[in-house]
Protein chains: 2
Amino acid sequence: MKSPSHPRDRGIPEATVARLPLYLRALHGMAERGIATVSSEDLAVAAGVNSAKLRKDLSHLGSYGTRGVGYDVEYLVYQISRELGLTQDWAVAIVGVGNLGRALANYGGFVSRGFRVAALIDADPEVVGDDIAGLNVEHIDELEAVIQRRGVSIVVLATPAAAAQKVCDRVVAVGVTSILNFAPVVLSVPDSVDVRKVDLSIELQILAFHEQRKAGGPLMAVESQ
Amino acid sequence: MKSPSHPRDRGIPEATVARLPLYLRALHGMAERGIATVSSEDLAVAAGVNSAKLRKDLSHLGSYGTRGVGYDVEYLVYQISRELGLTQDWAVAIVGVGNLGRALANYGGFVSRGFRVAALIDADPEVVGDDIAGLNVEHIDELEAVIQRRGVSIVVLATPAAAAQKVCDRVVAVGVTSILNFAPVVLSVPDSVDVRKVDLSIELQILAFHEQRKAGGPLMAVESQ
DNA sequence: CACACTTTGTGCGTCGGTTCACAAAGGGAT
DNA sequence: ATCCCTTTGTGAACCGACGCACAAAGTGTG
């Protein structure tokens, strides 16, 4: 099932996919500074990873490097972009225009990577109709219509926890298969749908765990049973 | 994100630590609904994981279940909270009060888990002095003083990318060893410092990759899961 | 051309994490 | 007390990811 001669093997490991955006960011910075070629070592340092890992990651896309020289920055940017699907334009809808939704709508990092916020949707009549980041906030009743009319393929959920599953069900029903979930709930979706979750409070809790370890040290080990 | 094994981890795997907050959230929901005991199967479903994994995770904390019965919800909440260090109060400083920083300051999920936003800090004179979420925004010049005065042990970086490393160096210099970074840069810190990063644009890029693969056709559907 | 030097691409040992499957342990009924 | 039923806790196989270390492949120089 995995042929070594196949130049663009689609069996790219998930761990690799998660790092490609990192490499892309580093490469963009280098391109801006006029760097034409880069070695795996330098790129690895810029991306904060091991150089062997970086080379193995890139080898999954094909043999785009030159031994003795390194990688052509422009070319690599193009190859990674294409692999990630960033050469096309992705229409994103943000559902839930609270503090977080607003921040996301204004976040520059999206547009600069081929993502276009195509719709803002909320249930609160107080917010509906407002202009945020140059977009008109639409009512949740229009959810399905807006998604289909604007060709939205990725939905960002920034609703309260209680509303998330219901909205999720509706967007899945109209064919959306990629969801970025900021609501602190476990969404239940069909296997065919990709959900990535970002939970700010969970990240802090993980930090707290390690911080406690550092601060408490051996003292805690005694207290535990 | 780096996750070096800490010397005093009492042997709890990093992957387990990352899931404990998930279990905790599910358990809180159950406690609210008056559920006294729960089986690993039910809790696993609520947290969206495999039940064997859940049992193994919990077994790292100790033997807190009763065979034939399940786990006592209240007791488990307490044990996990203690393990994560949530029984104490953590003072958090948010540096960078743009759209994202503002959203974080108002985010309810923090306070409800033992985290207290103790300071908001920004460089923009336009913002300094404003009241946000009941807090006065302070100037970046006061960074070190504020951190020490308020006993801040976790810093959230929500600054522009260009400023992040400099702020990071300063907070590390005053002894902060836990950082949650929202800026799209790879922070360079001593090994003793924990950095967790959240990059919204990277999450979208990963979704785009899978979305593209789904749209690609039946050839890829074979290898997709 | 031959040789020295650089850097990629990868085989392979290792390790952490996931999952299965089951023995051990507890509760309840008779 | 004994038997049956439920559910935990874990041994062990499996799987993917990581990183070392090196052969292969390219550049440059004399």
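Predicted model: local features only at pLDDT ≥ 70, side-chain atom pairs only at ≥ 80, totals over all residues.
Ala, Val, Leu, Ile, Met, Phe, Trp, Tyr, Cys and Pro count as nonpolar, Asp, Glu, Lys and Arg as charged, and the others, Gly among them, as polar. By these classes, the surface near DNA strand C has nine nonpolar, ten polar and eight charged residues.

From the DNA we can turn to chain A as a whole. Chain A contains ten helices and ten strands, and its C-alpha atoms fill a box of roughly 60 × 60 × 40 Å when the box is taken along the principal axes. Of its 225 residues, 39% count as buried. If one takes the contacts in chain A with a separation of 6 or more, 55% of them are accounted for by residues 24 or more positions apart.

The next topic is the meeting of the two protein chains, where 53 residues of chain B are in contact with 53 residues of chain A. On the side of chain B that touches chain A, two or more residues come from each of α1 (14–32), α5 (99–106), α6 (108–111), β9 (178–181), β10 (194–197) and α9 (200–216) of chain B. The largest share of that side, 15 residues, comes from α9(B). Sorted by class, the residues of the side of chain B that touches chain A divide into 26 nonpolar, 14 polar and 13 charged.

Within chain B, seven strands form an open sheet with mixed pairing, and their order is β6-β7-β5-β4-β8-β9-β10. The edge strands of this sheet are β6 (131–132) and β10 of chain B, each of which pairs on one side only. Strand β5 (residues 115–122) of chain B runs parallel to strand β7 (residues 135–139) of chain B, and three bridges join them; here B:Leu120 stands opposite B:Val137 in β7(B). Two helices can then be placed against the sheet. Helix α9 (residues 200–216) of chain A packs on it, touching β4 (90–95), β5, β8 (154–157), β9 and β10 of chain B, with a direction that makes about 165° with that of β9(B). Helix α8 (residues 161–173) of chain B also packs on the sheet, where it touches β4, β8 and β9 of chain B, and its direction makes about 170° with that of β8(B).

Strand β4(B) deserves a separate look. Is it mostly covered or mostly uncovered? Five of the six residues of β4(B) are buried, and the strand is thus mostly covered. On one hand, six bridges join β4(B) to β5(B), the two running parallel, and B:Ala91 stands opposite B:Arg116 in β5(B). On the other hand, β4(B) pairs with β8(B) in the parallel sense over four bridges, and the bridge partner of B:Val95 in β8(B) is B:Leu157.

In helix α2 (residues 40–47) of chain B, the residues B:Leu43, B:Ala44 and B:Ala47 are buried. Seen down the axis of α2(B), its buried residues fall within an arc of 105°, so they line one face of the helix. These buried residues of α2(B) pack against α1, β1 (37–38), α3 (51–59) and β3 (70–72) of chain B. After α2(B) comes B:Gly48, whose phi is positive, near 75°.

Most residues other than glycine have a negative phi. A:Ala133, however, has a positive phi of about 55° although it is not a glycine, and it is found in the loop between β6 (131–132) and β7 (135–139) of chain A. Because 16 other C-beta atoms lie within 10 Å, A:Ala133 is partly exposed. In chain B, B:Ala133 has a positive phi of about 55°, and B:Ala133 is found in the loop between β6 and β7 of chain B.

Key:
Residues numbered from 1 in each chain as written. Chains lettered and ligands numbered in written order. Contact = placed C-beta atoms within 7 Å. Buried ≥ 20, exposed ≤ 12 C-beta atoms within 10 Å, placed from the backbone. Pairing = 2+ DSSP bridges. Axes fitted to C-alpha atoms, helices over the stretch in contact; angles between N-to-C directions. Arc of directions from axis to C-beta.
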